[in-house]
Amino acid sequence: MSLSRRVGEAVVLGSAISSAVAAPSGFPGSGNGLWFTQQGRFEAWSNDWLPIGNGYIAAMVQGAVVQEALQLNLESLWSGGPFQDPSYNGGNKVASDRVHVAEEMQTIRQSIFDSPTGTIDNVEELTTDAGAYGSYVGAGYFLSTLDTGENVSNFVRWLDMDAAVTRTQWTQSNTTFLREAFCSHPSQACVQHLNTSDSSGLPALTYAYTVAAESGIPTPIVSCLDSSTLMITGTASDPGMAFEILARARASPGATIACTPVGSGNATLSLDGASAVWLTWVGGTDFDQDAGDEAHGFSFKGADPHDSLVKLLDAATLETSAAYDEAFAAHVADYSSLMTRFHLDIGQEPDFESPTDALKEAYQTDTGNTYLEWLLFNFGRYLLAGSARGVLPANLQGKWAKDSSNPWGADSNINIQMNYWFAEMTGMDVVKPLFDYFEKNWVPRGTQTAQNLYNISEGWVTHNEIFGHTGMKGGGNTAQWADYPEANAWMMIHVWDHFDFTQDQPWFQSQGWPLLKSTAQFHLHKLIPDDRFNDSTLVVNPCNSPEQAPITLGCAHAQQLIWQLFNAIVKGFPASGDTDTDFLDAVKSKLSQMDKGIHIGSWGQLQEWKVDMDSPTDTHRHLSHLIGLYPGYALSSFNPTYQSSARNYTREEVLAAAEVSLIHRGNGTADDGDAGWEKVWRAACWAQLGNATAFYHQLSYALERNYAPNLISLYSSGPDAIFQIDANFGFPAALLNALVQAPDQPSLSEVYQVDILPALPAHWTHGSITNARLRGGLAVSFEWDERTLKSVEVAASAVAPQRAVRFMQAGKELKTVRMEPGMRLRIL
């Protein structure tokens with residue numbers, strides 16, 4: 001392989017000092033990439049480094065010259081759980097306490113009903129100590145050291161999001177060097193490659209592994225599997241989950257490769273006389289989510305990963321440069337097949353003169369930069385492609401994290417709610433690991449939680465994380481964030497949406513429906529008559545609106561989610577293959593009786609609680625009571641026919657109240673938080689209300705304030721600030737919601753409404769979307785110019801059901817059509 005084949009014949013020359021002054025010739029012509037003219041700072045992991053991943057393993061790439069660092073991750077490497085503590089039980093109450101806990105629950109419920117304020121201060125009796133809860137853990141560093149000096153010119157590094165590869169390029173002694181790295185999903189391996197423009201000899205090169213920069217991780221053993229392969233074995237904690245990494249070096253003909261032990265428990269790889277070198281690595285743990293059930297003692301313990309990793313590495317080893325080129329081509333083809341069905345254009349003009357960090361530094365709220373906004377949209381899709389296609393779903397940091405303990409454990413409970421918001425509409429079929437996670441990590445232990453904590457013998461519930469931690473986490477008065485048994489109901493939005501968008505009936509019957517049904521069975525039993533308002537409705541009690549202090553009854557968030565869940569049961573039953581009509585009748589009965597979680601309060605707000613106690617000055621980071629506005633539909637598709645109440649609200653009244661609440665909630669910057677995710681959620685809600693100005697203000701405010709120079713979403717400030725990926729995923733969802741909206745509806749018999757350009761900001765004067773996936777197996781493509789819609793086309797898949805669809809734009813009907821399987825129509 002020649003460098004010129006990959007990056008072009010010429011290299012754009014930089015300044016006389018060190019850096020390139022324009023994007024390199026190998027930068028994607030589409031502009032779909034991030035580029036920088038300075039080496040990544042080792043201490044600025046979250047600001048400077050660039051991510052690669054295939055879902056199974058991942059790495060952050062520093063982008064340096066003499067010593068390049070790759071910080072590694074294995075998707076299942078977690079501390080805590082039964083690997084660390086044999087007595088770990090998922091935070092559950094023990095079965096022998098079931099009667100006592102049921103009595104405590106009844107006391108709590110009655111106290112809330114009887115309280116003058118409808119609230120109480122504590123439910124600590126329901127919690128359990130978190131125990132060995134654990135955290136997602138980093139997997140050490142590979143250090144690639146060249147025997148050369150730092151006197152380089154024309155330095156540039158970039159992430160190519162058309163090919164999912166990072167590249168670093170520089171010139172030294174009239175020779176141009178190119179180092180690239182990617183993680184292949186087909187091979188489940190990652191590769192780093194280095195060569196020169198003229199195929200001249202590389203300086204001597206050493207590969208070493210270290211955890212010295214990963215605080216708190218037990219020192220692993222590094223040894224030689226063979227003369228060209230490092231074997232790293234260690235544990236996530238002491239004691240803890242076992243992991244192994246195998247890394248094999250290959251080089252151009254005539255090179256020498258040696259694996260050399262260094263002292264006790266360490267070894268390095270050295271290469272000399274090569275014009276090209278590449279390192280291929282694989283990794284795994286002894287975690288097995290198939291062993292997370294009662295039959296396996298909830299051990300999650302699998303086989304030693306060594307034998308399977310050897311086979312994986314043997315298959316992934318690239319013996320020649322030609323083999324490397326073929327593997328890279330296969331990687332790009334796989335990635336492209338996932339990404340290119342959908343396409344977004346918002347009129348962006350690629351800027352090949354300004355590095356990404358300079359674009360980010362210059363970005364201003366409301367003024368914006370269409371190109372940077374388009375890049376951040378694509379970056380979110382790139383991150384999901386690199387983190388969601390393994391065995392486990394994308395967590396709070398995707399699959400990229402370092403050290404032995406990460407903020408919030410980098411966990412995968414409510415923090416994954418924003419991760420998948422845009423996946424279905426952009427045609428990214430990456431959600432199956434998410435559903436496997438529910439089925440295998442949550443359901444088995446969650447069945448015990450339902451029984452022992454809630455005295456419910458059907459269904460399951462969860463409050464937390466991996467290793468089946470489904471109990472209500474204690475450690476003091478934790479209710480405001482731990483009292484969240486509606487986590488499963490929120491997650492069922494994704495389950496129902498996947499079927500609704502794809503119409504994949506075999507999957508729905510085998511996995512989707514059982515998840516929906518078992519979740520609904522739990523909530524059927526959990527709803528109880530409202531003995532405070534005595535209005536003949538059913539409510540949850542106790543409840544907390546997520547991360548708010550009041551412990552009360554009838555939280556809007558919970559009621560709206562359960563209403564949507566029950567609706568999914570009614571709509572999905574005909575396709576489920578289920579014959580349990582008694583269950584369906586029970587759901588319909590509770591659906592009609594339950595409080596719908598929609599009440600307009602004393603100052604015109606949508607109430608967060610059934611008790612009218614909202615404060616107009618509450619700028620809390622969460623928009624929990626607006627879950628039905630976005631990403632849900634209990635508010636956005638409000639229909640009095642299905643959501644009747646004593647007040648008989650109209651849809652206009654409900655949306656007006658939601659807008660009042662959204663205004664008073666502020667801009668996502670307050671004493672309790674200043675995160676990107678809260679801002680992009682607000683942006684999505686403003687788009688749902690059709691307010692393009694407020695939408696763009698929130699979206700651009702988030703981009704200016706909460707993203708690093710490398711476009712990673714940050715929760716804090718500083719060179720090594722906290723990385724929190726949900727805003728990287730929420731941004732594309734919010735942006736998309738301004739261009740096309742097709743929320744779910746209470747009944748499949750209703751005309752399905754699709755709004756085109758509902759909140760188009762003034763900055764995006766022209767553009768197009770190709771193949772935005774809609775519910776019912778549909779896909780829409782459209783184009784606009786000078787802020788005027790020019791064309792709309794819709795296509796139905798072969799399995800799309802017959803359905804009436806109304807296309808709207810700017811409040812006016814474009815056309816209503818009845819879609820049939822395989823149909824393709826031009827609407828405008």
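**View 1. Lys402 and its partner Asp720.** The side chain of Lys402 makes a polar contact with the side chain of Asp720 at 2.9 Å; a polar contact here is a pair of N or O atoms within 3.5 Å, where, within protein, one must be able to donate a hydrogen and the other to accept it, and residues adjacent in sequence count only if both atoms are side-chain atoms. This is a predicted model, in which local features need pLDDT of at least 70 and side-chain atom pairs count only at pLDDT 80 or more, while totals for chains, interfaces and linings use all residues. Residues are numbered from 1 along each chain as its sequence is written, and side-chain values use heavy atoms, with hydrogens and water left out. You'll find Lys402 in the loop between α8 (370-387) and α9 (432-454); helices (H or I, at least four residues) and strands (E, at least two) are DSSP runs, numbered from the N terminus. Leaving aside residues up to four places away in sequence, Lys402 touches Trp45, Gln71, Gly138, Tyr141, Glu214 and Asp720, a contact being heavy atoms within 4.5 Å. Lys402 counts as buried because its relative accessibility is 12% (buried is under 20% relative accessible area, exposed over 50%, partly exposed in between, with a 1.4 Å probe and protein chains only).

View 2. All 10 of the 10 residues of β16 (residues 276-285) are buried, so the strand is largely enclosed by the rest of the structure. Ala276, Trp278, Thr280, Val282 and Gly284 point one way, with Val277, Leu279, Trp281, Gly283 and Thr285 pointing the other. Strand β9 (residues 189-196) runs antiparallel to β16, joined by 6 bridges, and Gln192 sits opposite Leu279. Strand β13 (residues 242-251) also pairs with β16 in the antiparallel sense, over 9 bridges, and here Arg248 faces Thr280. Two strands pair if DSSP finds at least two bridges between them.

**View 3. Strand β15 and its partners.** Strand β14 (residues 256-261) pairs antiparallel with β15 over 6 bridges, and Ile257 has Leu271 as its bridge partner. β14 and β15 make a hairpin with 5 residues between them, and Gly263 in the turn has a positive phi of about 65 degrees. Strand β10 (residues 205-210) pairs antiparallel with β15 (residues 267-272) over 3 bridges, with Tyr207 partnered by Leu269.

**View 4. Confidence along the chain.** The average pLDDT (the predictor's confidence in each residue, from 0 to 100) is 95, and 97% of the residues score at least 70. Over residues 1-17 the pLDDT is below 50, though this stretch has 46 contacts in the model beyond near neighbours in sequence.
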